[in-house]
Amino acid sequence: ATEEQLKYSDFDALVILKDEVFESKERIYKVAKRLNNLQGIMLKFDPLQHHGWFVLKESMLKNYPLEYFPPVLFEYSKSMLKGQGESITLYADRATVDFNSPFYKLANSLIIKLNNFKKTKNSFVLKSLLSEFMLLPSLYIQAQKGEGVFKKHSYDIARRDFKEQDWGIMDEVSEIRTDWNYDINGLQRLFLTANSYAIRKVARKFAPSISPIIADKLNDSMYQKMLYLVELMKEKLEVRHEL
């Protein structure tokens, strides 16, 4: 939407469904099936896409989940509905919002993955791990300040809390994002972009190999530095919350 996409970029989109969709199992099934088929839009853009649509009910706009899809993101979004959706009205009760859980949930998941992560030749597995790691700064700032922040801006804000030698791994991972590239053959693309989630899930095990340039940067030291920064971010937030 900001026209800053790289080869690494994936496709993020929010779908708001009318409440009446949920009044019958048949209609829910029909809409879910259509949304699944429409993931082809995402997968055509990025065959290694690791998530689907973000979905909300229309009534949730009256008690908007600020931590789920922060309102600041709308400032950098575009409507996919031709001639519609150019404005949106949200109501939220900040006192009821849990800004901390998204950070801790992701941080704890990453700690488990990084403690058990083995060097991989699979571009899907690597991209999933690096994408989660690069999402941490925005969730860290959200937990710290109690409000959402655009991911691009979160890096410079979060960096101020850390020593350069500790934060440096975030820059290293960001460089991999900039240099991202892989070769995908026709069969891999066919299965990775299939409508069937079951087929895509199996196909991800045979995703394109990591390019040699990026593979050379991957080692145990890199994963250990990632792990250390995640744990340090947790520690700093916990200290702040105790004050």
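Contact here means heavy atoms within 4.5 Å. The model is predicted: local features need pLDDT of at least 70, side-chain atom pairs count only at pLDDT 80 or more, and totals for chains, interfaces and linings use all residues. Residues are numbered from 1 along each chain as its sequence is written, and side-chain values use heavy atoms, leaving out hydrogens and water.

A nonpolar core is a set of buried Ala, Val, Leu, Ile, Met, Phe, Trp, Tyr and Cys residues joined through side-chain atoms within 4.5 Å. Buried means under 20% relative accessible area, exposed over 50%, and partly exposed in between (1.4 Å probe, protein chains only). The largest such core has 47 residues, of which Phe103, Leu130, Phe133, Leu136 and Met226 touch the most other members. At least two of its residues come from each of α2 (101–116), α3 (123–145), α4 (151–159), α5 (164–179) and α9 (220–242); helices (H or I, at least four residues) and strands (E, at least two) are DSSP runs, numbered from the N terminus. With eleven residues, α3 gives the most to this core. Leaving aside residues up to four places away in sequence, Leu130 touches Tyr8, Val173, Ile176, Met222 and Met226. Another core, of nine residues, lies apart from the largest one and includes Val15, Leu17, Leu35 and Met42.

In α4, the buried residues are Ser154, Tyr155 and Ala158. They fall within an arc of 105° seen down the helix axis, so they line one face of α4; the arc is that of the directions from the helix axis to the C-beta atoms. Their cover includes α3 and α5.

At the surface, Leu187 belongs to helix α6 and is exposed, with a relative accessible area of 54%.
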